[in-house]
Amino acid sequence: MEQSKAEKANFFRIMWVIVISIASTGKYSLLTLYHALFSKKNPESLRPKVDRVIHRWGQSLVKRVKLKWTVKGDFESQVEEGRRVIILANHSSAYDIPLIFAALPGSIRMISKKELFKVPLLSSAMKAAEILSVDRQNRQQAIKDLAVAKEKMESGIRICMFPEGTRSKTGKLIPLKKGAIRLAIDTNALIIPVAIQDIYKVLPNKKWLHMRLNQEVTLNIGKAIDCRNFGVEQRNELRDLVYNSLDTLLREEVS
């Protein structure tokens with residue numbers, strides 16, 4: 001890969017990126033709601049339209065910071081037809097989510113924080129886009145959320161989650177939480193590990209003034225893990241397997 005010079009953005013560029021990104025998110029939220037409104041007579045047509053909207057939203061955000069990415073490994077060939085799929089990725093930048101939407105194939109949706117469903121406009125767009133939430137604090141609600149997640153996955157949705165639970169400040173993998181692992185077991189999903197190298201350099205956790213432009217990153221696609229081989233009592237074993245896979249992928253040398 002030909003190396004390009006990454007550079008630190010100045011204050012005015014950072015403010016411009018933030019404003020444009022917020023405006024872009026509003027634009028694509030409205031576009032999602034527009035498609036939802038005019039797809040009521042033909043609901044099957046909505047998901048492909050939303051897929052394109054989400055892909056374009058991701059591209060628009062990574063374009064603002066001139067992010068350059070490479071995908072290593074084969075994603076699609078590992079996905080068996082009819083299988084539920086959960087993408088588990090490392091989390092170290094605000095740009096993890098838009099990059100995954102921009103770079104990976106299929107109908108990808110996130111498990112989002114329930115607080116975001118209280119934000120006007122955004123919440124309506126997220127619901128229309130089939131963005132999911134699982135409330136682990138409320139058992140009855142969690143059972144309902146899990147049933148919805150299974151249904152969406154069976155219909156072709158590929159769920160993406162960040163099992164660390166929070167963004168790493170250094171780019172190094174931190175211990176994984178149990179939520180994503182338990183969901184994978186409960187849904188008998190196929191886990192696809194995805195490690196994003198150097199994404200933390202674009203916008204480190206809680207360091208908005210350290211934004212970098214022209215950064216090169218690599219999405220390393222790992223070997224699929226079949227959760228049909230794991231029960232709840234083996235959740236720690238599966239967690240360690242996922243951790244080791246992501247950690248190894250993060251350490252791969254960039255060629």
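Reader: At roughly what angle do the axes of α2 and helix α3 cross?
Author: In this predicted model, local features need pLDDT of at least 70, side-chain atom pairs count only at pLDDT 80 or more, and totals for chains, interfaces and linings use all residues. Residues are numbered from 1 along each chain as its sequence is written, while side-chain values use heavy atoms, with hydrogens and water left out. Axes are lines fitted to C-alpha atoms, for helices over the stretch in contact, with angles from 0 to 180 degrees between N-to-C directions. The axes of α2 and α3 (residues 96-103) come within 7 Å, and their crossing angle is roughly 125°.

Reader: How are α2 and α3 oriented to each other?
Author: Angles under 35 degrees count as roughly parallel, over 145 as roughly antiparallel, 65 to 115 as roughly perpendicular and the rest as oblique. The axes of α2 and α3 cross at roughly 125°. The two helices α2 and α3 are therefore oblique.

Reader: Is the crossing in which α2 passes α3 left-handed or right-handed?
Author: A crossing is left-handed if the near helix is turned anticlockwise from the far one by less than a right angle, and right-handed if clockwise. By this criterion, the crossing of α2 past α3 is left-handed.

Reader: How many nonpolar residues has the contact of α2 with α3?
Author: Contact means heavy atoms within 4.5 Å. Ala, Val, Leu, Ile, Met, Phe, Trp, Tyr, Cys and Pro count as nonpolar, Asp, Glu, Lys and Arg as charged, and the others, Gly among them, as polar. The contact of α2 with α3 has no charged residues and three polar ones, and its nonpolar residues number nine.

Reader: How many residues has helix α2?
Author: Helices (H or I, at least four residues) and strands (E, at least two) are DSSP runs, numbered from the N terminus. The expected span of a helix is 1.5 Å times one less than its number of residues. Helix α2 (residues 46-64) reaches 27 Å from its first C-alpha to its last, close to the expected 27 Å, and its number of residues is 19.

Reader: How is α1 oriented relative to α2?
Author: The axes of helix α1 (residues 11-37) and α2 come within 10 Å and cross at roughly 175°. That angle makes α1, relative to α2, roughly antiparallel.

Reader: Which residues is Ser60 in contact with, leaving aside its neighbours within four places in sequence?
Author: Ser60 lies in helix α2. Its relative accessible area of 8% makes Ser60 buried (under 20%; exposed is over 50% and partly exposed in between, with a 1.4 Å probe and protein chains only). Apart from neighbours within four places in sequence, Ser60 touches Ser24 and Tyr28.

Reader: Which helices do the buried residues of α1 pack against?
Author: Among the buried residues of α1 are Val17, Ser21, Ser24, Tyr28 and His35. The buried residues of α1 pack against α2 and α4.

Reader: What is the phi of Lys66?
Author: Most residues other than glycine have a negative phi. Lys66 is in the loop between α2 and β2 (68-72), and its 37% relative accessibility makes it partly exposed. Lys66 has a positive phi, near 55°.

Reader: What separates the C-alpha atoms of Phe117 and Leu132?
Author: Phe117 is in the loop between β4 (107-110) and α4 (122-128), and it is buried, with a relative accessible area of 18%. Its contacts beyond four places in sequence include Ser112, Met126, Ile131 and Leu132. Phe117 and Leu132 are 15 residues apart along the chain, and their C-alpha atoms are separated by 9.7 Å.

Reader: How far apart in space are Lys144 and Val134, C-alpha to C-alpha?
Author: Lys144 is in helix α5 and is exposed, with a relative accessible area of 54%. Lys144 and Val134 are 10 residues apart in sequence, and their C-alpha to C-alpha distance is 8.5 Å.
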